[in-house]
Amino acid sequence: DQLRRFPDEWPRTWNGFGKRAASEYGQYVIYAGIESVVQAIHKEDPRYFRLGEGNFFKRTAHVIVRTFVARNQAGGNTFALSLPAASYGSWAFASRWYPASARGGWDLLKYGSTGVEMKASTNFFREFWPDVKQWFRKK
């Protein structure tokens, strides 16, 4: 955010950097809090379970599905309600301290969706990193 100067109203100075760093940390704390509370209430298992086999497309499909579907306490599947609640909720809270230019509905949709994309990216990494790590160990 400092490099791309987001939001524009915060200068590219140490003061602006401090605001951005505090904002990012605050948003992370809110995200983690919302996610944990919703997972507990909705009885979602927060772990990602790798498929670990099959071709790239099958495993990527697994990543996408498991981004939106979580296991419940009974071992079945449930919609991962914690994901949209935390992604969009944390931005809704964070937008309260952002300048007015970053508080619109479009911003909520855009930056909340970025949170969903980050969760999918993390799952993608969890799915494929063990395989990549093995390639380096074989040498």
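1. Let's begin with S87, which sits in helix 3, covering residues 82-94. Helices here are DSSP runs of H or I with at least four residues, strands are runs of E with at least two, and both are numbered from the N terminus. The model is predicted, so local features need pLDDT of at least 70 and side-chain atom pairs pLDDT 80 or more, whereas totals for chains, interfaces and linings use all residues. Residues are numbered from 1 along each chain as its sequence is written, and side-chain values use heavy atoms, with hydrogens and water left out.

2. Is S87 buried or exposed? S87 is buried, because its relative accessible area is 3%, and buried means under 20% (1.4 Å probe, protein chains only).

3. Leaving aside residues up to four places away in sequence, S87 touches Y31, G112, G115 and V116; contact means heavy atoms within 4.5 Å. For V116 there is also a specific atom pair to look at: the S87 side chain reaches the backbone nitrogen of V116 at 3.5 Å.

4. Now the whole fold. The protein has four helices and three strands, arranged along the sequence as α-β-α-β-β-α-α. Its C-alpha atoms fill a box of roughly 50 × 45 × 20 Å along the principal axes.

5. Of the contacts between residues at least 6 apart in sequence, 58% join residues at least 24 apart.

Note on methods:
Buried means under 20% relative accessible area, exposed over 50%, partly exposed in between (1.4 Å probe, protein chains only). A polar contact is a pair of N or O atoms within 3.5 Å; within protein, one must be able to donate a hydrogen and the other to accept it, and residues adjacent in sequence count only if both atoms are side-chain atoms.
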